[in-house]
2 protein chains.
Amino acid sequence: MAEMPVFVLVRPQMGENIGSAARAMWNFGLDRMRLVSPRDGWPNSRATALASGAGRVLDGAELHESVAEAVGDCTTVYATTARSRDLTKPVLTPAEAMADARARVASGERVAVMFGPERAGLENEDVARATHIITVPVNPEFFSLNLAQAVLLNAYEWGREEMPQGQSLDAPAASVIEVEKLADRYEQSLEDAGFFFPPEKAQGMKVVLRNMWSRLGLTRGDVQMLHGALKQLMRGKS
Amino acid sequence: MAEMPVFVLVRPQMGENIGSAARAMWNFGLDRMRLVSPRDGWPNSRATALASGAGRVLDGAELHESVAEAVGDCTTVYATTARSRDLTKPVLTPAEAMADARARVASGERVAVMFGPERAGLENEDVARATHIITVPVNPEFFSLNLAQAVLLNAYEWGREEMPQGQSLDAPAASVIEVEKLADRYEQSLEDAGFFFPPEKAQGMKVVLRNMWSRLGLTRGDVQMLHGALKQLMRGKS
């Protein structure tokens, strides 16, 4: 399960692109794909046709209804975006990200790389669930990578033989779902306490807060402690 | 003329692929294309349609009748091939080749990278005119890169050192003293709430919590938000 990254296609539109992405992955030995709500349902005959030779990637693809579910068991999640967002997360090149992923996978982590729908790319709420952003360093005047090409460049970097860089924490990292439950609980408590004010700013504040939780690289122990702290802080409050 | 490599498409078949190759190049600032005997003539409306946004690459493309003519003014010529041939030439990865090309271009050489027709790839006679071979290191069980993808990987490697690279977080990091004040305030609130229990474990728990705050890489914005969250959580509590 943990020997390679999972590539997650979020709300992909055309079956052809899913098939091409599968081929791009399998060129570099990657065969773990997850799909979040593909527009035209699943399985998809156009995807199968275009995947020729890489059908095993589609055969093993997992279907999920939400990003949260698709990356829930992963501890590190990279979101690919065309341009940097105002979300405060480390921004890596594919080379940096895949070197980082190799080191994490080697130490037993489960990592995922998310790719958005063809036209619009990932929504901010999707990116908020990631721990890192991947942006391909391109011509500032021109960005035009299609879905399969974005997949290709990351798969290529995964396949590149390189010494692992960076190091991870000794303590086991919290999974996305554990961080999400923590974030849910803080959000609810803060909602009850009237923190998200004024109302027109509430949604933006929530995204900023979600983004912070997922960026911090919390360990499982941190999550437990933060649950305990909140519980204790709330005790005796009406 | 000599500041970047020329990408030479040899006997390309589909106009769409010429357009896609132009887009792939321009993502990484490359706009010098040469075409050798494109099957459907030149100019090609399908190429123009697919190149959208990268039309300048096609506008400047030079048409040639033979490989010999197309690379005649170059001193170093790389031939991309799917598998190694029995031709005795140095075989490089795209990364190695583009690093080599950069050094040569910097010293005033003219370099070209040749790409073969979609199905068959370059003929041995074409490869014979090259000084080096480029082969993408792929899954030994599976090779499936189309023309635009082969162009993309080489253009990406060319751009690797030319394009702005990834950046770390651009939000200002909180200072040690700001994190310490935050930690003090949470510790005091948790102390008041009876979190540090039993007493013999209190000191150890405080150290773990301090350690967490300083490890998280909080930004100044995070610190402000966490102050605000605590204040709001405590409001109305006796």
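Visitor: Which strands does helix H7 of chain B lie across, and at what angle does H7 run to S1(B)?
Guide: In this predicted model, helix H7 of chain B, residues 147-159, lies across strands S1 (6-10), S4, S6 (111-115) and S7 of chain B, and H7 runs at about 165 degrees to S1(B).

Visitor: What's the strand order in the chain B sheet?
Guide: The sheet in chain B is open and has 7 strands in the order S3-S2-S1-S6-S4-S7-S5, with parallel pairing. Strand S3 (62-64) and strand S5 (91-92) of chain B are its edge strands, each pairing on one side only.

Visitor: And how many bridges join S4 to S7 there?
Guide: Strand S4 (residues 76-80) and strand S7 (residues 132-134) of chain B run parallel and are joined by 3 bridges, and B:Thr80 has B:Ile134 in S7(B) as its bridge partner.

Visitor: Switching to chain A, what does S2 pair with?
Guide: S2(A) is joined to strand S1 (residues 6-10) of chain A by 4 bridges, the two running parallel, and A:Leu9 has A:Leu35 as its bridge partner in S2(A). S2(A) also pairs in the parallel sense with strand S3 (residues 62-64) of chain A over 3 bridges, where A:Val36 stands opposite A:His64.

Visitor: What unit do S1(A), H1 and S2(A) make?
Guide: With helix H1 (residues 15-27) of chain A, S1(A) and S2(A) make a right-handed β-α-β unit.

Visitor: Which way do the S2(A) side chains point, and are they buried or exposed?
Guide: A:Met33 and A:Leu35 point one way from S2(A), A:Arg34 and A:Val36 point the other way, and all are buried. Side chains in a regular strand alternate between the two faces of the sheet.

Key:
Residues are numbered from 1 along each chain as its sequence is written. Chains are lettered from A and ligands numbered from 1 in the order in which they are written. This is a predicted model: local features need pLDDT of at least 70, side-chain atom pairs count only at pLDDT 80 or more; totals for chains, interfaces and linings use all residues. Side-chain values use heavy atoms; hydrogens and water are left out. Buried means under 20% relative accessible area, exposed over 50%, partly exposed in between (1.4 Å probe, protein chains only). Two strands pair if DSSP finds at least two bridges between them. A crossover is right-handed if, with the strands pointing away from the viewer, the path from the first strand over the helix to the second runs clockwise. Contact means heavy atoms within 4.5 Å. Axes are lines fitted to C-alpha atoms, for helices over the stretch in contact, and angles run from 0 to 180 degrees between N-to-C directions.
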